[in-house]
Amino acid sequence: MTATDFPTTAAARSVRTFHPRRGRMTARQTAALERLWPVHGLAVPDVPGTPVDPAHLFPRRAPLVLEIGSGMGDTTAAMAAADPDRDYLAVEVHTPGIANLLDLVERHGLGNVRVARGDALDLVSGLPDASLDAVHVFFPDPWPKSRHHKRRIIQPAHVALLRSRLVAGGTLHCATDWAEYAEAMRETLDADPGLANTHDGFAPRPAHRPVTKFERRALTAGRPIADLIYRRR
């Protein structure tokens, strides 16, 4: 498989929560994609709601964490390495990021990571109810313009879908460096009757979430980071 014939999805969702980006891949990333995608990759089905059985993705039964928008994969790889008793399914649309995570998986021997390409909401709609131990939504696109707020992933209908896939006691952990979006996230999450905030408002920065280059740039630019951690009732 090459980057040019990398699988795509054709689902006709009218409003997307992401903006596809193009980017060059290094020779190492290209080789990783060709070599490792058949082993660790999952193409999100073309039709939203097509069943996806997590039991077919990993050679064991373990609690499953969904990483939505894994970027270049550094955070996913670090968390999976520090959390070997849980499996991690990362979903991303940016091909260089997928390739880079696959490279990290191989370099660090991470048997508990699988990488999906496609729309995260299409993937989640196909997962069984109560199949996820945690959902991580770290630094999603804030879609700052008012006319684009409908594209935000943290909004009532999407949160209800994510919550339905969590086990009882499972966690939904969001992080953002966009202050207005942080407040909107908090309002939306507080309003969901099936979720309970694990803190009084925003959470202290959890030590288990690695500091990424993106986060360092945000802090350097004077944008504080907000974490929100909710548990399914």
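This report walks through a predicted model, from its sheet to its helices, salt bridges and nonpolar cores.

## The sheet

Eight strands make an open sheet with mixed pairing, and their order is S1-S4-S3-S2-S5-S6-S8-S7. The edges belong to strand S1 (41-43) and strand S7 (195-197), each of which pairs on one side only. From one strand to the next, the twist averages 20°. As background, strands of a sheet pair through backbone hydrogen bonds, in either a parallel or an antiparallel way.

Now for the parallel pairs around S2. Strand S2 (residues 64-68) pairs with strand S3 (residues 87-92) in the parallel sense over five bridges, and with S5, again in the parallel sense, over four bridges. Further along, strand S5 (residues 132-138) and strand S6 (residues 166-176) run parallel and are joined by six bridges. Residue by residue, Ile 68 sits opposite Val 91 in S3, while Leu 66 sits opposite Val 135 in S5. Val 135 in turn has Leu 172 of S6 as a bridge partner.

S2 is mostly covered, with five of its five residues buried. Leu 64, Leu 66 and Ile 68 point one way from the strand, Val 65 and Glu 67 point the other way, and all are buried. So a glutamate, Glu 67, is among the buried residues here, because burial in this model is called at under 20% relative accessible area.

S2 is also part of a right-handed β-α-β unit, together with helix H2 (residues 74-82) and S3.

## Helices on the sheet

Helix H1 (residues 27-40) lies across S1 and strand S4 (113-117), and runs at about 75° to S1. Helix H6 (residues 179-191) packs on the sheet and touches S6, S7 and strand S8 (226-232), with its direction making about 10° with that of S8.

Then there is Val 124, which is found in helix H4 (residues 120-126). Is Val 124 buried or exposed? Val 124 counts as buried, because its relative accessibility is 0%. Leaving out neighbours within four places in sequence, Val 124 is in contact with Leu 66, Leu 161, Leu 162 and Arg 165.

## Salt bridges

Side chains of opposite charge can pair when their charged atoms come close. Over the whole structure, a search finds 14 salt bridges.

One of these joins Glu 180 and Arg 152, at 2.6 Å from N to O. This pair links distant parts of the chain, 28 residues apart: Glu 180 is in helix H6, and Arg 152 is in the loop between S5 and helix H5 (156-164). Glu 180 is partly exposed, because its relative accessible area is 37%, whereas Arg 152 counts as buried at 4% relative accessibility.

H6 also holds a local pair. Arg 186 and Asp 190 both lie in this helix, four residues apart, or about one turn, and their closest N and O atoms are 3.9 Å apart in a salt bridge. Arg 186 counts as partly exposed at 27% relative accessibility, and Asp 190 is partly exposed too, with a relative accessible area of 43%.

A contrasting case is the salt bridge between Glu 215 and Arg 209, with closest N and O atoms 2.8 Å apart. Glu 215 counts as buried at 1% relative accessibility, and Arg 209 is buried with a relative accessible area of 1%. Salt bridges with shared partners join Arg 205, Arg 209, Glu 215 and Asp 227 into one network.

In soluble globular proteins, nonpolar side chains tend to be buried together. Here the largest nonpolar core has 32 residues, and those with the most contacts inside it are Leu 66, Ile 68, Leu 123, Val 135, Ile 154, Leu 172 and Leu 189. S2, S3, H4, S5, H5, S6, H6 and S8 each supply at least two residues of this core, and H4 gives the largest share, four residues.

Which residues does Ile 68 touch? Not counting residues up to four places away in sequence, its contacts are Val 91, Ala 120, Val 135, His 136, Val 137, Phe 138, Ile 153 and Leu 162. A second, separate core has 23 residues, including Ala 32, Leu 101, Leu 102 and Ala 134.

Key
Residues numbered from 1 in each chain as written. Predicted model: local features only at pLDDT ≥ 70, side-chain atom pairs only at ≥ 80, totals over all residues. Heavy atoms only, no water. Pairing = 2+ DSSP bridges. Axes fitted to C-alpha atoms, helices over the stretch in contact; angles between N-to-C directions. Contact = heavy atoms within 4.5 Å. Buried < 20%, exposed > 50% of the residue type's maximum accessible area, 1.4 Å probe, protein only. Right-handed = clockwise from strand over helix to strand, strands pointing away. Salt bridge = Lys/Arg side-chain N within 4 Å of Asp/Glu carboxyl O. Core = buried A, V, L, I, M, F, W, Y, C linked by side-chain atoms within 4.5 Å.
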